[in-house]
Amino acid sequence: MSESTIESSLPEKRLFHPRAEFSQNAHIKSLEEYKSIYDRAKADPEQFWAELAEQELHWFQKWDKVLDWQPPFAKWFVGGKINISYNCLDRHLQTWRKNKAALIWEGEPGDSRTLTYAQLHREVCQMANLLKQLGVQKGDRVGIYMPMIPEAAIAMLACARIGATHTVVFGGFSAEALKDRLVDAQARLVITADGGWRKDAIVPLKQQVDKALADGGATSVENVLVVRRTGQDIDMLPGRDRWWHELQHTISADCAAEPMDSEDMLFILYTSGTTGKPKGVVHTTAGYNLYSHITTKWIFDIQDTDVYWCTADIGWITGHSYAVYGPLSNGATTLMYEGAPRASNPGCMWDVIEKHGVNIFYTAPTAIRSFIKMGDHLPKARNLSSLRLLGTVGEPINPEAWMWYYRVIGGERCPIVDTWWQTETGGIMITPLPGAIPTKPGSATLPFPGIIADVVNLEGDSVETNEGGYLAVKYPWPGMMRNVYGDPERFRRTYWEHIPPKDGQYIYFAGDGARRDEDGYYWVMGRVDDVMNVAGHRIGTMEIESALVSHQAVAEAAVVGKPDEIKGQEIVAFVTLKNSYDASEELKKELKQHVVQEIGALARPGEIFFTDALPKTRSGKIIRRFLRFHAAGQELTGDTSTLEDRGVLDKLREGEG
């Protein structure tokens, strides 16, 4: 990482104020209220978090000390006893919420199921007791490799209930990727399903587990618990494999939640890297419970009557914090969907919103851009009037995609919370509060109360207004990761040594480039790796992608740098077109000129490739490093386990994109 300025263009002047009727009923009702809370939290962070912890959560035993900070290692609510499964379930049973819908599930082939808080509690207790029967003890690690079915959330909550550490591996990962994660975590048990539905096809999950455990793989695994989902024949190894449905009704539904130390490990979640050993992000119990709870409450403005839908798979941190733990801790109704837009039903997301009267919808910019490509007629054919708030997560959103989301999906009445955060942060860090903070298309706006964020240079000094730099956090927060599992030096090196301590204060380096405008709003420009040096100018790929997407023909764009002897790097763009437009040399010229008009000549793409699809992770993020290899004419190397569709790369290589 070299020291230089990240330049920024595309000034965004549109400003959308919260509607008065929304603000009146919101948890945080005005910009003045936000500023007052933020200032109070900044002046005394420990007091701020302590008050929230006492007000918002159930404790078996109160803490002795709010924060023990031995940089870069933090302990929050030291000496406290708590259980996140209790906070998500048991405490609601003592209120009218006992018979409220906790989880609404919509399955891919059209089946659905609703579990009340009482019913979900019963099933969690049964699975927790079964885990104990299978020898799982407090502190053991349990692998979860599941489709998006209720039992996935049940498994997480059951592990948390007895103090076992879960590590959820996304059901789209290969057997090899699964094995690597099970080995690193030394998991004793794996919870899986015979299969899962994905775009009208069955994903053979149990078969992948068998491969991962074959020939001495993941030798720590003693048992495999299998949920019946798709019903196809699978191999069941006697003595190791057990069917959940055969055991469930023989098991007691009485299982007290284990009082956990605040800093007991709750889960390990592995982030994908280009090479090397998987990186296990460790989150602990109390701080994560509080942070996922309060961010859900304030950012999504959760009300008791809401049906809330975060579209993320539970295999990702977004699914952990904002499909399971955050909503349930608040006593909300959370919706899970097994399916995805597909040729047989491209409008399925809008069907789910219409059927269940979804009020809050949280999804990724890549999904939004794919919705744009499919056409406005699909959402317009459904009744989406139940929606009252929209959210976006995963990467920066192009302003024009933001505007489409606002107009077509939100009907110009729904505020949009554009959220920046990471697996490592545990929860959302920079975001609008929908009743309080005016929004600008493409900006994550302002830090959440208690988050001391900044944009700095490599010396740790704050940069000037609208000057690009590195997004950093200057004070610990409860939801922060505690370690890289089994590798504290990697934790220190990866997150805390890029930028030296300033005035004795350690600085968390997020790995993202950003700038802060004259209103203090943050504009995240993507990973530092996605910033190019073109003829001595540093420019974020996000800037050029936003310019391309603002052209009426473009649905989605990804930009990378290609080595160039004269300019250092040449800009290469990969573009998918809306269905009503055809690729042509004339359109390439038009798009290049459009970028020049929007940004300037320095941003003109040297090459543009038209492609039907872009290489993405299964969580929807564009994998630009694969495009960099392609643009430079190099062989693809590195981990491809996160890739959703390998065929996209094959088509690019064959020139069929």
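1. Basis. In this predicted model, local features need pLDDT of at least 70 and side-chain atom pairs count only at pLDDT 80 or more, while totals for chains, interfaces and linings use all residues. Residues are numbered from 1 along each chain as its sequence is written, and side-chain values use heavy atoms, with hydrogens and water left out.

2. Cores. A nonpolar core is a set of buried Ala, Val, Leu, Ile, Met, Phe, Trp, Tyr and Cys residues joined through side-chain atoms within 4.5 Å; buried means under 20% relative accessible area, with a 1.4 Å probe and protein chains only. The largest such core has 146 residues, and Trp-49, Phe-77, Ile-191, Phe-300 and Tyr-325 have the most contacts inside it. Helix 6 gives the most to this core, ten residues (helices are DSSP runs of H or I, at least four residues; strands are runs of E, at least two; both are numbered from the N terminus). A second, separate core of 32 residues includes Val-358 and Tyr-405. In soluble globular proteins, nonpolar side chains tend to be buried together.

3. Glu-151. This residue is found in helix 6, residues 150–162. Glu-151 counts as buried because its relative accessibility is 10%. Beyond residues up to four places away in sequence, Glu-151 touches Arg-113, Met-146, Val-227 and Trp-244 (contact means heavy atoms within 4.5 Å). The side chains of Glu-151 and Arg-113 are joined by a polar contact of 3.1 Å, that is, a pair of N or O atoms within 3.5 Å, where within protein one must be able to donate a hydrogen and the other to accept it, and residues adjacent in sequence count only if both atoms are side-chain atoms.

4. Helix 16. In this helix, residues 488–496, the buried residues are Arg-490, Phe-491, Tyr-495 and Trp-496. They pack against several strands, including strand 1 (65–70) and strand 24 (508–516).

5. Second largest pocket. On a 1 Å grid over the protein atoms alone, a pocket is an open set of points with protein on both sides within 12 Å along at least five of seven lines, and a cavity is a set where a 1.4 Å probe fits but cannot get out; lining residues have an atom within 4 Å of a point. The second largest pocket has 20 lining residues, with Tyr-34 and Gly-520 among those nearest its centre. Helix 2 supplies the largest share, six residues.

6. Second largest cavity. Its lining includes Val-168, Phe-170, Arg-181 and Trp-316.

Note on methods
Buried means under 20% relative accessible area, exposed over 50%, partly exposed in between (1.4 Å probe, protein chains only).
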